[in-house]
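Here is a short tour of one structure, with a stop at a helix pair and another at a sheet. Have the viewer open and follow along.

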Amino acid sequence: MAANDIFVFHRPELAKQFCDALEGKSALLDKRSGLFLAAMRRVGKTTWLRQDLLPEAKQRKWCSIIVDLWADKTCDPANLLIRAIKQALLDNILFVGKTAIKTGFKTVNVAGFSFNMDARGIPEGVTLTAALQALHGQVKRPILLMIDEAQHALISEAGLNAMFALKAARDAMNRSDQAPALMLAFVGSDRDKLAQLCAGPAMPFMGSSVTAFPLLDREFTDAYTAKINTGLAATNQFKPEDVFEAFKMVGQRPEFLREIISTIALDAIAAPELGSRLKTDAWIKATVWKEFEQAYSSLSGLQKAIVRVMASSPAGSFSPFSKASMDTYGKVTAKLTSGAVQKALVGLRDKGYVWKEARGSYELGDAEWATWLKSHDLI
């Protein structure tokens, strides 16, 4: 196996555990109200969602839909959600409907409403609940809707309203004395933001709780090491304990571990030397933080100042135009105006470095920004 090949480590038991919880069949967990899983970026959540949870759902004969709310940053999260549900409807229209599409008709009837194949969104006057009920009536199987990066629903009123609509659909379709017709799984890379969907009566899933996504462990690194070593000479083998130590040092993130292994290979360093190289902390930091280093370097002086102030502010408390914030910005730019700050914030949002809740404050898009800034004594 080449060092840069993608290695997928399956966790089917974890998928079975959460599917049981969604269905209400687990003795330990009951997630019929919704499964909320959170962990930092790049720990393998999306891979697990697609490689393990989806196959388990299919094995149970569930109609499964996956939508990534971060897949298209130019599209409102609500539209991404509606598009995914619409596609599921299209994919599951009766044969008569599919035949009509193939022969050139652009409109078919589904569950009593006219469905235009070319129109954006669902038909006017049809609720998300009605669309999901129509899908359920079409497939006659339980539906599992999996929403990746679900916290991004909070960036727009339409996105938040779509979450309320999903809650209404869940309540309308599920009965306490029957297996659920609609199951909802939300995955996010920021626990605090994901938890906002469950926080208080003003949010759609009040009463639900966020579960920490179980991180990959020594079992993963041992399997990864064994796979890598099959492509190496018997005298040039990685030690499992060294690979696991490297994995812990990069926050148990597979992508960063692969980058370290690739670096070893590209530098023509003997695999057994990984252990000694791990003792050079600067090398690990350079590998792990390269993305943040490049991103920070690309920012203007004002944008750098905004990011530093934001990272040093308690969650939800950053005020971009407060006197304290403006005084800090003023140290890096002589011509400071509210307009210049607003323009800098828009630029940061466009790059995905800053995130803004529809009803709340600005926050860093990735919490790891703060860790990187601290490690470089910038805050």
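## The helix pair

At what angle do helix H3 and helix H5 pack, and how far apart are their axes? This is a predicted model, and in it H3 (residues 77-91) packs on H5 (residues 128-139) at an angle of about 25°, with the axes 9 Å apart. Because angles under 35 degrees count as roughly parallel, H3 is roughly parallel to H5. The crossing of H3 and H5 is left-handed.

## Residues between the helices

Now let's look at the side of each helix that takes part. From H3 come Leu81, Ile82, Ile85, Ala88 and Leu89, and they meet Leu128, Ala131, Leu132, Ala134 and Leu135 of H5. Sorted by class, this contact of H3 with H5 has 10 nonpolar residues, with no polar and no charged ones.

## The sheet

Next, the strands. Five of them form an open sheet with parallel pairing, in the order S2-S5-S6-S1-S7. Strand S2 (63-68) and strand S7 (210-212) are the edge strands, each pairing on one side only. From one strand to the next, the twist averages 20°.

## A closer look at one edge

Which strand is joined to S2, and by how many bridges? The partner is strand S5 (residues 143-148), which runs parallel to S2 and is joined to S2 by 6 bridges. For a landmark in this pairing, find Ile65, which stands opposite Leu145 in S5.

Key:
Residues are numbered from 1 along each chain as its sequence is written. This is a predicted model: local features need pLDDT of at least 70, side-chain atom pairs count only at pLDDT 80 or more; totals for chains, interfaces and linings use all residues. Side-chain values use heavy atoms; hydrogens and water are left out. Two strands pair if DSSP finds at least two bridges between them. Helices (H or I, at least four residues) and strands (E, at least two) are DSSP runs, numbered from the N terminus. Axes are lines fitted to C-alpha atoms, for helices over the stretch in contact, and angles run from 0 to 180 degrees between N-to-C directions. Angles under 35 degrees count as roughly parallel, over 145 as roughly antiparallel, 65 to 115 as roughly perpendicular and the rest as oblique. A crossing is left-handed if the near helix is turned anticlockwise from the far one by less than a right angle, and right-handed if clockwise. Contact means heavy atoms within 4.5 Å. Ala, Val, Leu, Ile, Met, Phe, Trp, Tyr, Cys and Pro count as nonpolar, Asp, Glu, Lys and Arg as charged, and the others, Gly among them, as polar.
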